[in-house]
Amino acid sequence: MAWDEWNQLKAEAAGASSTRMQLNRVPDEPDGKSLSTNRQGDLKVVNEHLAKIGDHAFGLYNRLWREGRVAETTTDSAASDLSGQGFELGGALSHVSIKWASALADLMDACAHISNHMDYTKNAHAGDEIFIERRMSGIATLDSGFDERASAPGEPNDVYGEKDDKGEKKDGK
């Protein structure tokens, strides 16, 4: 591709009013108001917040284990006693106890899932941040290598530094 054609394509892309990717914000509404309440960008993960959510979910799991099962054992005992005395209420109470145990198990599973997921998310986002940071810094260097404003046409681009006789940068990098 000729440089003239490349420059023409760059100019057309810069002047185009098509939808482009926007970083660090939500697009404005047609009335001009921004949907974003966070002035530093929308994608923000704070490890302390994730840890706090995970800790609360783990604490709730432990409370349900200690306190939720007490009602279950008391209800089972009462249901057995009532059934033994010939009351039909004993069977109904036993049915309620079974439903309670099922709901309690589901809720405890959800709490465990939330707690574990917060640990996983915290670690995953930390890795994502490092990956994005490396990619963005590499893109900036690459972009400046194609930018004619970085050096005069025909001259070596200062971004890459001067090289000695061995082909290595003079500043030792």
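## Surface and overall make-up

The chain exposes about 14,100 Å², and carbon and sulfur atoms supply 56% of that area. The model is a predicted one. Of the 173 residues in the chain, 11% are buried.

The secondary structure consists of three helices and zero strands. Read from the N terminus, the order of elements is α-α-α. Among contacts in the chain with a separation of 6 or more, 41% are between residues 24 or more positions apart.

## A nonpolar patch at the surface

Trp 3, Trp 6 and Leu 9 form a nonpolar patch on the surface. Together these residues have about 310 Å² of accessible area.

One of them, Trp 6, lies in helix H1, which covers residues 3-15. Trp 6 has a relative accessibility of 31%, so Trp 6 counts as partly exposed. The class of partly exposed residues lies between the buried ones, under 20%, and the exposed ones, over 50%.

A search of the whole structure finds one salt bridge. The partners are Arg 63 and Glu 67, and their closest N and O atoms are 3.1 Å apart. Side chains of opposite charge can pair when their charged atoms come close.

Both residues belong to helix H2, residues 47-84. Because Arg 63 and Glu 67 are four residues apart in this helix, about one helical turn separates them. Arg 63 has a relative accessible area of 45% and is therefore partly exposed. Glu 67 is also classed as partly exposed, because its relative accessibility is 44%.

Helix H3 spans residues 89-146, and Ser 115 is found in it. The relative accessible area of Ser 115 is 9%, so this serine is buried; the cut-off for that class is under 20%.

What does the side chain of Ser 115 reach? It reaches the backbone oxygen of Gly 54, at 3.4 Å. Leaving aside neighbours within four places in sequence, Ser 115 is in contact with Gly 54, Ala 57 and Phe 58.

Key
Residues numbered from 1 in each chain as written. Predicted model: local features only at pLDDT ≥ 70, side-chain atom pairs only at ≥ 80, totals over all residues. Heavy atoms only, no water. Helix = DSSP H or I, 4+ residues; strand = E, 2+ residues; numbered from the N terminus. Buried < 20%, exposed > 50% of the residue type's maximum accessible area, 1.4 Å probe, protein only. Polar contact = N/O pair within 3.5 Å; in protein donor to acceptor, adjacent residues only side chain to side chain. Contact = heavy atoms within 4.5 Å. Patch = residues over 30% accessible without salt bridge, like charges linked within 9 Å, V, L, I, M, F, W, Y side chains within 5 Å. Areas by Shrake-Rupley, 256 points an atom, 1.4 Å probe, with all protein chains shown as cover. Salt bridge = Lys/Arg side-chain N within 4 Å of Asp/Glu carboxyl O.
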